[in-house]
Amino acid sequence: MERVKLALIGCGGIAGAHVRALEDLWNRGVRDLEVVATCDVVLERAKDRAREVKKFQKKQPRAFASLEDLLGSGLELDAADICSLHSEHHTLAVPCLQAGLHVHLEKPLAITLRAGQRIMGAAVAAQRVLAVGENYRRSPYERAVHWAIRQGRIGRPRLFFWQDAGEALGKWGWRNFKHAAGGGWILDGGVHFTDLFRYHLNGEAREVYALTRQFEPYRYDEPKLRQGAYRVDVEDAASALIQFDDEVVVQWTWASSAPGKAFNKRVLYGSEGCLDWESGWTGRDGSHLGRDELVAAFMESLGKDEQDRLFPGGSHDAIAVELKDFADAVRLGRVPEVDGEGGFKAQAICMAIFESGWCGRPLSLREVERGEASGYQDPIDRALGLI
Ligand SMILES: NC(=O)c1ccc[n+]([C@@H]2O[C@H](COP(=O)([O-])OP(=O)(O)OC[C@H]3O[C@@H](n4cnc5c(N)ncnc54)[C@H](O)[C@@H]3O)[C@@H](O)[C@H]2O)c1
């Protein structure tokens, strides 16, 4: 296949970033993907994205208002790039796979683990590539951190602190509701972080103990004045202890209900030093490389092939990198860097936090992944007809 003929499904906010990423690749001469269709239940959004694509591809994709219309159109397609809200990941991905399309799916894999298993099952049955959009790990700094750890710069990883506290009480549409989003930021943004934990620690989470809270039941048009409220049902704070392979302890706290001074600290300690997401690498003898120096040292270490793989055409756009990886997986018949299983494992850690918070005890990832601890997710699955 010369180019992967792609349908962009769900044309909201992140789809715009996907179009810009595709444009970046196109302008660098990396032209493995061609958008031939756009699709959104709000047709105008699909048309807008199609017009944006035309500006660089020169050919305008056809715009559709439903997946049924798209799949029934007879248009020649190889793959779908799904950028819808979480409750629509499985409803869109499963029919695409069944129609023989390869699927790139924005994170998280699905709204619940059961929904994720449906998608993975459909990919296996159809023998198609399933990739989950994990862009964070593809940024130069995360690549440099990963390299520094593999180089032994911090010795054996021991303790990983990932802390973000602040206040964010503005309305955020479907993201404020469990039945559309699956959970709050612990899943939405958090799945990027659990992917990073797995990537950097090169291992799996085994056990989770978490406390989750909803301190703030309302979101506001005017958060400072607490005016224009609606009630929400997702968490706004969570604190988790996660045991990874090799006895590594991850302590992850996130809160959007912490007013006053915000607090962010992300540090991985090992036996010989630490990596700090603000200041870079520090060895136990005091030697130090700032963030930029660490990235520069990493870039210098790369051979031409690695450079092309990690930063195709020289692009540092993390979404461009993930889409190129997907295109290669489709064209070369190989597994993408983050496949369905990788997406599932990262999501399972987020779900283990919700499940542990729900039942008030530590949980093994095994029981969460097998669906033996699903009290938090069951109402969502019931509402979506998944059980
Ligand atoms: N990787 C990242 O950094 C990142 C950043 C933001 C969002 N995301 C992810 O991207 C996805 C979308 O988020 P967003 O911020 O773009 O949301 P959004 O609400 O801006 O866009 C979602 C779009 O999907 C459309 N849609 C809904 N149901 C549909 C259906 N059945 N068929 C076709 N279109 C449908 C909506 O009309 C809307 O235009 C989510 O999975 C989110 O977690 C990822």
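Reader: To begin, where is R128 placed?

Author: R128 sits in the loop between α5 (113–126) and β6 (130–133). Helices (H or I, at least four residues) and strands (E, at least two) are DSSP runs, numbered from the N terminus. Residues are numbered from 1 along each chain as its sequence is written. Please keep in mind that this is a predicted model: local features need pLDDT of at least 70, side-chain atom pairs count only at pLDDT 80 or more, and totals for chains, interfaces and linings use all residues.

Reader: Why does R128 count as buried?

Author: A residue is buried if 20 or more other C-beta atoms lie within 10 Å of its own, exposed if 12 or fewer, and partly exposed in between, with C-beta atoms placed from the backbone. R128 has 20 C-beta neighbours inside 10 Å, so it counts as buried.

Reader: Which residues does R128 touch?

Author: Not counting residues up to four places away in sequence, R128 touches L97, G100, L101, H102, V103 and A123. Contact here has a cut-off: the C-beta atoms of the two residues, placed from the backbone, lie within 7 Å. As for L70, it is 58 residues from R128 along the chain, and the two C-alpha atoms are separated by 19 Å.

Reader: L97 belongs to α4. What makes helix α4 largely enclosed?

Author: Helix α4 (residues 89–98) has ten residues and seven of them are buried, so the rest of the structure largely encloses it. Those buried residues are H89, H90, L92, A93, V94, C96 and L97. They pack against β1, α3 (67–71), β4 (79–82), β5 and α5. After α4 comes G100, with a positive phi near 90°.

Reader: Why is α12 described in that way too?

Author: In α12, twelve of the 15 residues are buried, so this helix is largely enclosed by the rest of the structure. Among the buried residues are A318, L323, F326 and V330.

Reader: How do you know that the length of α2 is close to what is expected?

Author: The expected span of a helix is 1.5 Å times one less than its number of residues. Helix α2 (residues 43–57) has 15 residues, and the expected value is 21 Å; from its first C-alpha to its last it reaches 21 Å.

Reader: Which residues of α2 are buried, and why are they said to be on the same side?

Author: R45, A46, R49, A50, E52 and V53 are the buried ones. They cover an arc of only 160° around the axis, which puts them on the same side of α2. The arc is that of the directions from the helix axis to the C-beta atoms. The elements covering these buried residues include β1 (4–9), α1, β2 (33–39) and β3 (62–64). On the face turned away from the buried side, you will find the exposed residues E44 and K55.

Reader: What makes K58 exposed?

Author: K58 has 8 C-beta neighbours inside 10 Å, so it counts as exposed. Its place is in the loop between α2 and β3.

Reader: Which peptide bond is cis?

Author: The bond from K107 to P108 is cis, with omega near -15°. P108 lies in the loop between β5 (102–106) and α5.

Reader: How many residues surround the ligand?

Author: The ligand is surrounded by 24 residues, and the closest are G10, G12, G13, I14 and E106. The cut-off for being near a molecule or strand is a C-beta atom, placed from the backbone, within 6 Å of it. Helix α1 (residues 13–27) gives the largest share of this shell, three residues.

Reader: How is the protein divided into domains?

Author: There are domain 1 (4–136 + 316–338) and domain 2 (137–303), with bounds that come from an automatic or database domain assignment. Their centres, taken over C-alpha atoms, are separated by 27 Å. Between them, 15 residues of domain 1 are in contact with 15 residues of domain 2.
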